[in-house]
Amino acid sequence: MEKIRNIGISAHIDSGKTTLTERVLFYTGRIHEIHEVRGKDGVGAKMDSMDLEREKGITIQSAATYCTWGPNQINIIDTPGHVDFTIEVERALRVLDGAVLVLCSVGGVQSQSITVDRQMRRYSVPRVAFINKLDRSGADPWKVIDQVRRKLKHNCAAIQYPIGLEDQLQGLVDLVQNRAFFFHGVHGEKVTEADMPNDIVPAVAEKRRELIEAISEVDEELADLFLNDHPITPDELAGAVRRATLSLQFIPVFMGSAFKNKGVQLLLDGVVSYLPCPLEVSNHALDQNKQEEKVNLSGSPDGTLVALAFKLEEGRFGQLTYLRIYEGTIRRGDLIVNSTTGRKVKVPRLVRMHADDMEDIQEAHAGEIVAVFGVECSSGDTFTDGSVRYTMTSMNVPEPVMSLAIAPASKDVGPQFSKALNRFQKEDPTFRVSLDPDSGQTIISGMGELHLDIYVERIRREYKVEAVVGKPQVNFRETITQRAEFDYLHRKQSGGQGQYGRVMGYIEPLPEEEAEKKFQFENMMIGQAVPSQFIQAIEKGFIEAKNSGSLIGHPVENLRVVLTDGASHAVDSSELAFKLAALYAFRQCYMAARPAILEPIMLVELKAPIEFQGSIIGDINRRKGIIVGSDQDGDDAVVQAHVPLNNMFGYSTGLRSMTQGKGEFTMEYFQHAAVPQDVQSQLVKEYSSKRATV
């Protein structure tokens, strides 16, 4: 167990994650030749196994592999950098013990780096940073380290010092060991150790002192040695770096150039030295038999089996389920129990993944990441051996922000079309499929334009179904701005048993501190005016009503419903009667609560040469955006703004023409905020005319 490392590689787009993983696989002997991400040879990187990934030069699905480095086994997940595929990063970090945060030595800490770092914090993942692309012109690792401290608020310091930068990059000095390393051979596979060049000795001594100071702030043992002026040995320093990294109080920063084959082997040494083995990470499950009481998992292969299905994929041989084993051992042919559904399943085939290749194995132990075939389950299900009923905590799934209407081009491919949508929905929790009740159209929702484009393209390629796609729609929400009372009597008599239910109370906006819940139902009724068995039906009625607001038919959130009184009938009251009473009561008082429309606001980060800054800011203002920050990075201006998603369609084309193709931008969901009154009137008008034509 001490020899296993489970790590993820994540970063902003184009920081070199997949290139780095390719080099790791080469140096550990998993692959025997290197291919580039946008390979001219038509092969492409090993971890980008999907045709679409190779064509576009981006990672779409996280890919798992494993390799050995000395006596150690390293399980690696290469994750996408694009914000549209953020769920892939989320579920990888949920099951990993450590991570490598890759940063570009020129781009530094970019918007997606901040998002990935936030995800790592959410799951308390210890990490090392790797500043890549030191060979690029304008590379400045010290600027990047300063940004990590300033923007990400991390205590970090360099573990290495580069010998030369840009096209002069020759090797690296290990500040812990105080030794210089050079990389020779066609692919930098020969690492030689030597004395460091004399001209950098003072700078190296200064950076080593900076490293010791940074760790002394969080590690008492090293602080004692440092304050008493004791000489600090490499072993003492390495031990302190490991302790501080595992306690999430320090991030060691490695450097190199994956593309130029420099520094990757030292990063692998660092992963083994400073990131935790499965036994050093505390994981807990929830015991379903004891009101979800927390149970710490020992991580021992001899314990009861606890494994989490964190990712599903439709393989050539049926559903492929990726499992992270937290405790116990799983063997081929074992009977395992799905804690969520209670169903028993047999493990027909157990494999270890290497991108899209797989290797059959007979058993796997705690701490490993494996995949099983032929096991029907959902993403996030927990499997045990049946002796306990544990579930692992779920992961954070962001809400989709954009929708498209989609339909197959011809009727005869309907079954294939449905099959594709069902499969993608099962694999990706951020991809949702629904039916528009007014038009009867199939609506797909996701995290952005690229996310939905990729799925439309995959339906065409993998299922040979041509799809007709409507204009992208923004996922608006509705909310209320003031309290409104309701008093509704639902009475129906048509011979036989009638329907009778009366509900009284009020609706009001949720206070800001409770806004995360989005909806709250409270029964503040005194006495038994409405029998308790009907309360749940009333709540269901309000939940159903809030799914479609009266302004533009979108879900209503930030809403509290309080039931204060009601009336029932001994014979005619039923669950249906009270559910309908709640539904109509909501519609009756909704307009009195002064409803407002909320739209998704995106955090947009733009980077372009300074001479275009004026026209970029003017364009953001035209799109009703708010500038929240601007910075200078060399000759480039970096602008951050909050812009309504509805005004961002086709922005990439506009930005290119404004900046002669030199501008780039990234965008991620920030929050839902109220639309201006004129926009609200226009949206309501459009919705009314659309309903009138249906």
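Let me begin with Val 173, which touches Ile 159, Gln 160, Tyr 161, Ile 163, Arg 179, Ala 180, Met 196, Ile 200 and Val 204, leaving aside residues up to four places away in sequence; contact here means heavy atoms within 4.5 Å. This is a predicted model, in which local features need pLDDT of at least 70 and side-chain atom pairs count only at pLDDT 80 or more, while totals for chains, interfaces and linings use all residues. Residues are numbered from 1 along each chain as its sequence is written, and side-chain values use heavy atoms, with hydrogens and water left out.

Val 173 is also among the residues with the most contacts inside the largest nonpolar core, which has 77 residues. Such a core is a set of buried Ala, Val, Leu, Ile, Met, Phe, Trp, Tyr and Cys residues joined through side-chain atoms within 4.5 Å, buried being under 20% relative accessible area with a 1.4 Å probe, protein chains only. Helix H9 (residues 264–274) supplies the largest share of this core, 7 residues; helices are DSSP runs of H or I, at least four residues, numbered from the N terminus. A second, separate core of 41 residues includes Ile 552, Ile 616, Leu 655 and Leu 683.

I turn now to helix packing. H6 (residues 201–216) and H7 (residues 220–227) pack at about 130°, their axes 8 Å apart; axes are lines fitted to C-alpha atoms over the stretch in contact, with angles from 0 to 180 degrees between N-to-C directions. In H6, Arg 209, Ile 212, Glu 213, Ile 215 and Ser 216 meet Leu 222, Ala 223 and Phe 226 of H7.

H7 also packs with H8 (residues 234–246), at about 140° and with axes 9 Å apart.

Definitions and conventions
Buried means under 20% relative accessible area, exposed over 50%, partly exposed in between (1.4 Å probe, protein chains only). Helices (H or I, at least four residues) and strands (E, at least two) are DSSP runs, numbered from the N terminus.
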